[in-house]
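Here is a friendly briefing to read alongside the structure. Keep the model open as you go, and look up each residue when it is named.

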Amino acid sequence: MRILVLSQWYPPEPDTRIHLLAKTLVARGHQVTAITGFPNYPSGHLYPGYSIRWRQWEIRDGVQVLRVPLYPNHNQSSIKRIANYASFALSASFLGAAWCGPADVMWVYHPPLTIGLPAWCISRLRRIPFVYEIQDLWPETLAATGMFRSRRGMALVDRFARGVYARASAITVISPGFKRNLIAKGVPADKIHVIPNWADEELYYPVPRDETLAHEYGLLGKFNIIYGGNLGAAQSLDNVLNAATLLNDLPDTQFVLVGDGVEEERLQRAVRERDIRNVRLIGRQPAEKMAQFFAWADALLVHLRRDPLFEITIPGKTIAYLACGRPILGAIAGDAAEMIRNAQAGIICAPEDPAALARAVRQLHAMPHTQREAMGQSGRRAFLDHYTRTVLIGRYEELFTQIADQHTIHLNVQRSTTT
């Protein structure tokens with residue numbers, strides 16, 4: 001089967017899930033081409049070795065990667081962020097469609113919603129059915145992160161989103177709550193398939209503790225609450241700073257934030273200005289190294305802003321945490337909290353409540369080591385049973401085959417009625 005992947009993000013940008021799907025499909029005998037932009041996420045600056053061109057072809061693990069131009073930016077300016085999204089949408093719609101070649105089915109990765117424009121254009125021009133993957137709900141995400149506040153603008157975004165959903169042959173979502181949301185918007189239930197995120201089992205698994213790494217990053221001899229991932233508005237990590245100030249009587253306890261994003265500089269400045277000594281920001285690390293950091297976690301932190309949208313969101317890091325077999329502290333509500341509870345993998349507290357987060361840390365700190373380890377092991381078992389790449393990509397493959405076959409039947413019927 002010839003599969004086209006359309007995503008604004010692609011390695012070496014940090015969301016490896018898209019490439020994992022593509023290269024696994026190649027390993028299973030499929031031909032895969034990816035249309036993407038020049039890498040600049042999350043900093044907004046082009047990665048070393050790249051410069052904007054009309055097109056650039058790469059081969060990654062057998063995947064043919066076509067890069068088309070965009071305006072590189074990922075700061076807090078709404079206008080510049082829109083320019084980033086719109087520039088890729090236009091490039092992919094025309095240049096991507098011209099150069100991508102034929103395919104039997106296309107998988108489209110959302111966000112951003114503007115990806116719906118090239119999805120529709122390529123689908124029409126190349127006569128390719130598309131499966132639309134929703135990782136963030138728009139306009140809800142725009143409202144929740146404060147990126148967009150105009151009611152009229154939100155209504156236009158919602159109308160555009162509904163148009164994309166109507167044109168997709170199938171939609172995949174990452175949580176039951178997302179499916180309920182789309183059904184309420186009029187999307188047929190049988191068009192929506194819940195396929196949760198996975199973590200790459202080749203990257204995320206229990207590893208021995210590396211004392212050299214712990215010494216280098218100040219983890220040795222500490223009770224570490226480690227967060228790994230994007231430092232953005234949706235994560236509301238000021239709550240962590242506020243909770244940390246309530247834990248000064250536990251001198252061995254610290255929060256460790258591993259990652260970068262639009263909030264990184266501001267958080268670093270706040271830690272310095274407020275002289276918060278039990279929060280450590282150590283910057284973005286290679287994905288290949290994250291399991292080594294997680295091994296030093298007495299608990300791994302999932303943290304989101306309090307918002308109805310985030311109650312139906314399951315952050316991808318939750319699955320990576322399960323894979324690494326460490327206990328989880330979730331300052332979250334809704335579907336992600338339910339996943340952790342069902343796996344018996346950790347404890348939950350209210351989001352954006354520093355006192356609740358501090359109490360949860362104290363609970364973990366007072367807990368016997370064996371009890372925390374049992375939580376981690378339970379999470380690891382849940383991962384192996386339900387959230388590995390092998391299990392979930394098999395479900396994508398079945399869906400792609402189904403959609404491609406249905407499209408072939410539809411084309412054959414069309415041809416027979418015109419002859």
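## A short tour of loops and helices

P12 sits in the loop between β1 and α1 (17-27). The model you are viewing is a predicted one.

**Cis peptide bonds**
- The bond joining P11 and P12 is a cis peptide bond, with omega at about 20 degrees.
- Another cis peptide bond joins Y41 and P42, where omega is about 5 degrees.
- P42 belongs to the loop between β2 and β3 (56-60).

**Helix α3**
- Helix α3 covers residues 116-126, and its buried residues are G116, P118, A119, C121, I122 and S123.
- These buried residues pack against several elements, including β1 (2-6), β2 (31-37) and α2 (78-99).
- Other partners of the buried residues of α3 include β5 (105-110), β6 (130-134) and α5 (151-167).
- R127 follows α3 and has a positive phi, near 55 degrees.

**Helix α6**
- In helix α6 (residues 176-184), the residues G177, F178, N181 and L182 are buried.
- Looking down the axis of α6, you find its buried residues within an arc of 135 degrees, so they line one face of the helix.
- After α6 comes G186, with a positive phi near 95 degrees.

**Positive phi in loops**
- D275 is not a glycine, yet its phi is positive, near 55 degrees.
- The loop between α9 (264-273) and β11 (279-281) holds D275, which is partly exposed at a relative accessible area of 46%.
- Q344, also not a glycine, has a positive phi of about 55 degrees.
- Q344 is found in the loop between α12 (335-343) and β14 (346-349), and is exposed, with a relative accessible area of 59%.

Technical notes
Residues numbered from 1 in each chain as written. Predicted model: local features only at pLDDT ≥ 70, side-chain atom pairs only at ≥ 80, totals over all residues. Heavy atoms only, no water. Buried < 20%, exposed > 50% of the residue type's maximum accessible area, 1.4 Å probe, protein only. Helix = DSSP H or I, 4+ residues; strand = E, 2+ residues; numbered from the N terminus. Arc of directions from axis to C-beta. Contact = heavy atoms within 4.5 Å.
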